[in-house]
Amino acid sequence: MKRSRAAGRHLDSAAVLDYLEQRLPERRRQAVEEHLGRPCAQCRERVRETGRLLDLMRADRSVEVPAELRRRALEAFVPRRSAGLVGRAAAGLARLLFDSALQPLPAAVRRAVGEARRLRFALDSDTVEVECELESAGSWTCAGSLRPRRLRSPASSCGPAPSGAPPGPTPRGRSPSRGFRRGACG
Amino acid sequence: MRGKSGPRGFDPEQDARLVGLCLRGEPGAWEALVRRHERLVYAVGRSYRLSDADLADVFQEVFAALVKGLPRLRDARTLVRWVASTTERVARATALRRRREWALSAGDPHEAAARLASAEGPVGADLERLEEQAMVRLALAALPERCRRLLSALYYEDPPPPYGELSRRLGVPVGSLGPTRARCFEKLRAALATLREPERGITRAVPPTSSVESQEPGRSGVRTARRRSGGLWSGGMEGA
């Protein structure tokens with residue numbers, strides 16, 4: 001009766017490991033096999049999976065990597081501290097300064113610049129300018145630039161150009177005289 | 001009990017974090033990444049029975065390819081599959097090249113043909129098995145130290161030490177070793193299960209960026225910078 005009760009209980013981790021490693025006393029081993037033979041699909045799967053994992057570990061004969069090889073791999077990458085600007089930019093929260101979608105353009109300007117959407121963000125003291133064009137439903141192509149404060153022209157200023165065209169990044173392939181002024185907001 | 005993110009302290013996204021840290025220029029991140037995967041690269045490379053010099057070149061080329069591909073690997077949950085498949089391609093190409101050189105060095109066309117016919121092909125390894133073993137080691141590395149030492153001693157040492165010696169090494173009473181072993185093993189299973197979850201990306205291979213690229217279908221996906229409406233851009237996966 002005792003053995004039958006024991007054989008009815010599902011196997012815990014210790015029992016599974018002891019069974020696979022042949023550490024069980026004879027009576028306990030028989031109870032486990034009786035349980036597995038009922039059959040108990042859950043425990044059979046557990047024994048199978050545990051056995052497989054043990055085989056993987058025992059068969060792992062990978063060796064330590066020679067120090068010289070590791071040294072060559074380490075030399076393949078030199079962290080670039082000058083990427084800090086990008087890192088700072090990526091880590092910060094940008095403040096939206098301008099969104100062309102929110103500022104209706106005169107028809108003449110729209111014909112000149114197309115349907116691209118232009119955005120400008122302030123990121124700490126730097127500026128991020130992005131131009132996006134709709135490719136298809138739900139898919140945009142975007143290009144942009146990150147302008148550190150020190151690289152901006154001292155003569156630039158924020159605000160609409162005298163022609164009425166909004167400030168924004170210079171469209172690719174177009175000269176600034178086509179209605180957009182390259183500038184940045186401080 | 002396994003939570004959604006695996007056992008406490010286990011981070012299935014460790015590789016992704018290290019890639020991010022590398023890209024930010026954090027010292028130590030690259031070394032941590034190399035140390036996590038160097039054993040797998042070495043094991044796959046060795047399975048092709050390359051010379052020491054060729055093995056060293058393969059090793060370096062794989063990590064150089066990883067450096068090159070870092071910007072596209074930000075979302076990789078684990079790099080095990082990428083590392084294994086890249087190493088396999090580079091090692092196989094090297095082994096084939098050496099085989100051809102050896103055959104062609106015969107001088108006589110008939111002899112060269114005979115050498116090519118007789119030469120054993122690149123042996124390679126059971127790549128899937130090596131990947132699984134690498135994942136087990138990653139999971140093991142994240143366990144508490146006592147579990148790591150216990151399971152390493154029991155299942156990686158050959159022969160495994162007797163319980164008496166283990167008890168002395170770990171400072172654990174002999175009678176506690178069995179239950180401790182079981183608890184540690186459960187933690188290992190839980191960590192492995194987390195690594196293997198499909199949504200963690202472990203079954204989605206990221207293609208290598210090495211010039212030695214495979215044409216094998218079905219083993220890798222294509223990762224591109226995908227531009228989505230409403231956002232600037234974000235990484236994504238297309239194709240399979």
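1. Let's start inside chain B. Y155(B) is buried, and F185(B) is buried too. Keep in mind as you look around that this is a predicted model.

2. Next, the aromatic rings. Counting over all chains gives 4 aromatic pairs. Take W30(B) and F63(B): their planes sit at 90° with the ring centres 6.1 Å apart, so this pair is edge-to-face. W30(B) belongs to helix α2 (residues 29–46) of chain B and F63(B) to helix α3 (residues 52–69) of chain B, so the pair ties together parts 33 residues apart in sequence. W30(B) and F63(B) are both buried.

3. Back to the residues I opened with. Y155(B) and F185(B) make an edge-to-face aromatic pair, with 6.2 Å from centre to centre and 70° between the planes. Here too the pair links distant parts of the chain, 30 residues apart: Y155(B) comes from helix α7 (residues 145–156) of chain B, and F185(B) from helix α9 (residues 174–196) of chain B.

4. Which residues do ring pairs link into a cluster? They are F77(A), W30(B), F59(B) and F63(B).

5. How much area is buried between chain B and chain A? It is about 4200 Å², and carbon and sulfur atoms give 60% of that. In the contact, chain B takes part with 46 residues and chain A with 40 residues.

6. The interface has charged and polar links as well. Across it, between chain B and chain A, there are 10 salt bridges. The two chains also have 16 residue pairs in polar contact, counting pairs with both residues at pLDDT 80 or more. On the side of chain B that touches chain A, at least two residues each come from α2, α3, α6 (127–141), α7 and α9 of chain B. The largest share comes from α2(B), with 9 residues. By type, that side of chain B splits into 24 nonpolar, 5 polar and 17 charged residues.

7. The closest N and O atoms of E49(A) and R189(B) are 3.0 Å apart.

8. R189(B) has another partner: its side chain meets that of E186(B) in a salt bridge (2.8 Å, N to O). These two residues are 3 apart in helix α9 of chain B, so about one helical turn separates them. E186(B) is partly exposed, with a relative accessible area of 27%. Elsewhere, salt bridges that share partners join D18(A), E21(A), R23(A), R58(A) and R181(B) into one network.

9. One last pair to look up is R98(B) with E101(B), whose side chains meet in a salt bridge at 2.7 Å, N to O. R98(B) and E101(B) are 3 residues apart in helix α4 (residues 80–104) of chain B, so they are separated by about one helical turn. R98(B) counts as partly exposed at 34% relative accessibility, and E101(B) counts as partly exposed at 39%.

How values were computed
Residues are numbered from 1 along each chain as its sequence is written. Chains are lettered from A and ligands numbered from 1 in the order in which they are written. Side-chain values use heavy atoms; hydrogens and water are left out. Rings of Phe, Tyr and Trp (its six-membered ring) pair if their centres lie within 6.5 Å; planes under 30 degrees apart count as stacked, over 60 as edge-to-face and the rest as tilted. Helices (H or I, at least four residues) and strands (E, at least two) are DSSP runs, numbered from the N terminus. Buried means under 20% relative accessible area, exposed over 50%, partly exposed in between (1.4 Å probe, protein chains only). Contact means heavy atoms within 4.5 Å. Buried area is the accessible area (1.4 Å probe) that two parts lose on being put together, summed over both. A salt bridge is a side-chain nitrogen of Lys or Arg within 4 Å of a carboxyl oxygen of Asp or Glu. A polar contact is a pair of N or O atoms within 3.5 Å; within protein, one must be able to donate a hydrogen and the other to accept it, and residues adjacent in sequence count only if both atoms are side-chain atoms. Ala, Val, Leu, Ile, Met, Phe, Trp, Tyr, Cys and Pro count as nonpolar, Asp, Glu, Lys and Arg as charged, and the others, Gly among them, as polar.
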